[in-house]
Amino acid sequence: MDLSRWLTAAVAANNDWAKSYGSFEPRPALAVDDAEFAAAFGRFVERLADNYPFFHPRYAGQMLKPPHPAAVVGYLTAMLINPNNHALDGGPATAAMEREVVQQLAAMFGYDTHLGHLTTSGTIANLEALYVARELHPGKGIAYSTEAHYTHGRMCRVLGVDGHAVPVDDRGRMDLDALEELLRSHEIGTVVLTAGTTGLGAVEPVHEALALRDRYGVRIHVDAAYGGFFALLAGTLGIPAEPWRAVARADSIVVDPHKHGLQPYGCGAVLFRDPTVGRFYLHDSPYTYFTSEELHLGEISLECSRAGAAAAGLWLTFQLLPPTGDGLGRVLAAGRRAALRWAELIESSGRLRLFQPPELDIVSYFAGTSLTEIDEASRRIMQAGMTDAEDPIFLSTLRVGAERFARRHPAVSADADGARVLRSVLMKPESETYAEQLHRRIEQLTA
Ligand SMILES: *Cc1c(COP(=O)(O)O)cnc(C)c1O
């Protein structure tokens, strides 16, 4: 699709809609001269050049890429109206869109009942899930693995709940024996399983943890902020089906459409399997909720104002690339194949080694035979790649402790307390055809 054409159409659609309300006299206070704007815009574009090329397959670092053009047009068109999805009074159209996309997300995970909404981020979505968890198990702690996103520990402190970090196995997934030992203390009310850890993309054993839920009466929350859309590939491309199938039985789920759902930032989501948890959000707002007896999204979310435009962007994207195997699934499949292909190349490389095989689309790798050497090589390769004007590449690093390293690579000399390895998230479909080039370039930089 031609983005310029549809951005123009967005402005035209807004003008047509606005005209239906009749004309009024514009006031000078907000008036800006076009020549003045041109100058400011010039300075602005110059400032923005100080960025990394997230759109290009040369960028193989963090979880970053531009939104899909459909998301951009959807977001912008709605933003010209600027609805607030807090209340139906803030914009009924985008509130309805939000309910539809949340329904689509719930269906993707196999929930047959749900209550949910979009959030500003995965962090806020997880905060909401942990808040409900605390209300249901007051005085009890929350367990998550040492590989869980750092915000779980932080949000436990915000909520005044004891957070417990559970050790992981040699692939970076929660060790369920260690979890069970903790559960025997009966101090835990909720267990967070991460389906796709942020560092390595490890999928924790949700299916096995469910058995412990029944035995110890705990809640299971699945943090799938990064990994959630890989549910569309469960049982294909070497992604085991069991953990993803089990997500349907979790008590709550978080997924970030602003990571793998092609959206701009400002789009997370939380889903609860039991709609009656809405009671924990009960509040009265003297300012809002006038026009309708129907549910207002602000009545089931901790945040007040939220961008209706975020729901609009996701809604329009899902019209074209729905969260199904042949919609969005095909986008994720290309990144997954890129990770598998690159892992193969690394395994047969004389210079690079896999830190561990990729479970989703994150590839972790290193060069060197001691922790000191490895750390220095990671730093040097990343630096050299980013600063080469002719043929740059952009990577990221992950810091790994000596013990974690030794469990995967006992032959590596542990001459330091840890090392940075290189880490690439291959979340663009274009990475599939670029994997060999990327690999060759990194091998060059290793020399
Ligand atoms: C990214 C991420 C988060 C935090 O989400 P934000 O949208 O960055 O706030 C939480 N958990 C996991 C597993 C993540 O990957």
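Here are some notes on the ligand site and on one strand pair in this predicted model.

1. Ground rules. Residues are numbered from 1 along each chain as its sequence is written, and side-chain values use heavy atoms, with hydrogens and water left out. Since this is a predicted model, local features need pLDDT of at least 70 and side-chain atom pairs count only at pLDDT 80 or more, while totals for chains, interfaces and linings use all residues.

2. Who surrounds the ligand? Of the 14 residues around it, Thr 123, Asp 223, Asp 256, His 258 and Lys 259 come nearest (near means that a heavy atom of the residue lies within 4 Å). The shell is made up of two nonpolar, nine polar and three charged residues (Asp, Glu, Lys and Arg count as charged; Ala, Val, Leu, Ile, Met, Phe, Trp, Tyr, Cys and Pro as nonpolar; the others, Gly among them, as polar).

3. Polar contacts (here, pairs of N or O atoms within 3.5 Å). The side chain of Thr 123 has an N or O atom 2.5 Å from a ligand oxygen. For His 258, an N or O atom of the side chain is 2.8 Å from an oxygen of the ligand. Asp 223 puts a polar side-chain atom 2.7 Å from a ligand nitrogen. The ligand alone exposes 380 Å², and the protein buries 88% of that (Shrake-Rupley method, 1.4 Å probe).

4. Strands β8 (residues 353-356) and β9 (residues 362-366) pair in the antiparallel sense over three bridges (pairing takes at least two DSSP bridges; strands are DSSP E runs of at least two residues, numbered from the N terminus). Five residues separate β8 and β9 in this hairpin, and Gln 356 sits opposite Ser 364 of β9.

Definitions and conventions. A polar contact is a pair of N or O atoms within 3.5 Å; within protein, one must be able to donate a hydrogen and the other to accept it, and residues adjacent in sequence count only if both atoms are side-chain atoms. Helices (H or I, at least four residues) and strands (E, at least two) are DSSP runs, numbered from the N terminus.
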